[in-house]
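Subject: Structure handover

Hello,

Here is the structure I promised to pass on. Please open it first, then read my notes below.

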Amino acid sequence: MTTVEAGSFSVVVDNLANGVTYSFLVVAYTDDGSTLSRPSNIVTDTPRQESPGTITLINGTGNPRYLDVAADPQVASTVSTGADILCQSFNAGAGDRAGMVGQNGARVQDLGYVSNWDEIDGAPLGSGSYPDASYSVEVLPGHVYAVFTGDNHYAKILVISLNGTNFGYTVRVAYQPQAGNTELAPELPGS
């Protein structure tokens, strides 16, 4: 429990675990404790894991072109074991472009352009909301991609930039470690 003076305030809650759902409410009371307000609405949040910086995927055999969204920390890899994403070029009749393909049962969906990746605070629910896992999605800068992993977890990937010469790209990743939870909102302050 945290106590602060009346007025506008914020409280930082430390030491929260990613993937655990927490609920918060506010109750006001007089200095002597004789009068209590009704509790506020309950706010619930499930903190999630976020990449500490950007990750660069490079298309082509032998390059770091795979990404495991659940790894801690997330890094690009040259091996597909445990990977959810494959960076590759594809040609759908309009010339080669950067592409993203789900691996090991993961499915990917483009959620569109955002000015701030926190605009996307949740992923579409269930495999039926995503194209087949072998479907390649064109990668565009500023777009957020939802990932439904093969083991019932969700992640979002923000494409920061495209690598001009190799059809690779630089991303940020947020992963929800609570199975079946689509919440991908920002972590609570201090978590």
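Two strands pair if DSSP finds at least two bridges between them. Strands (E, at least two residues) and helices (H or I, at least four) are DSSP runs, numbered from the N terminus.

First, the ground rules. This is a predicted model: local features need pLDDT of at least 70, side-chain atom pairs count only at pLDDT 80 or more, and totals for chains, interfaces and linings use all residues. Residues are numbered from 1 along each chain as its sequence is written, and side-chain values use heavy atoms, with hydrogens and water left out.

Confidence
pLDDT is the predictor's confidence in each residue, from 0 to 100. The chain has a mean pLDDT of 85. In it, 91% of the residues reach 70 or more. Among the elements, strand β5 (residues 66–67) has the highest mean, 97. Strand β2 (residues 43–45) has the lowest, 77.

The sheet
Five strands make an open sheet, and their order is β6-β5-β7-β8-β10. The pairing is antiparallel. β5 and β7 are joined by two bridges. There, Y66 has L86 in β7 as its bridge partner. β7 and β8 pair over seven bridges. F90 is partnered with R97 in β8, and S89 with A98 in β8.

The core
A nonpolar core is a set of buried Ala, Val, Leu, Ile, Met, Phe, Trp, Tyr and Cys residues joined through side-chain atoms within 4.5 Å. Buried means under 20% relative accessible area, exposed over 50%, and partly exposed in between (1.4 Å probe, protein chains only). The largest such core has 21 residues. L67, I85, I157 and Y169 have the most contacts inside it. Strands giving two or more residues include β7 (85–91), β8 (96–102) and β12 (154–163). β13 gives the largest share, four residues. Contact means heavy atoms within 4.5 Å. Leaving aside neighbours within four places in sequence, I85 is in contact with residues including L67, M100, I157 and Y169.

Salt bridges
A salt bridge is a side-chain nitrogen of Lys or Arg within 4 Å of a carboxyl oxygen of Asp or Glu. The count is three.

- R172 and E50 meet at 2.1 Å, N to O. R172 is in β13 and E50 in β3 (residues 49–50), so the pair ties together parts 122 residues apart in sequence.
- R97 and E138 meet at 3.2 Å, N to O. R97 is in β8 and E138 in β10, so this pair ties together parts 41 residues apart in sequence. R97 is buried at 17% relative accessibility; E138 is partly exposed at 28%.
- K156 and D118 have their closest N and O atoms 4.0 Å apart. K156 lies in β12 and D118 in the loop between β9 (107–113) and β10, so the pair ties together parts 38 residues apart in sequence.

Two buried residues to look at
K156 is buried, at 0% relative accessibility. Its side chain also reaches the backbone oxygen of I120 at 2.7 Å. H153 sits in the loop between β11 and β12. H153 is buried too, with a relative accessible area of 11%. The side chain of H153 reaches the backbone oxygen of D151 at 3.1 Å. The backbone oxygen of P177 also lies 3.1 Å from a polar atom of that side chain.

Best wishes

Definitions and conventions: Polar contact = N/O pair within 3.5 Å; in protein donor to acceptor, adjacent residues only side chain to side chain.
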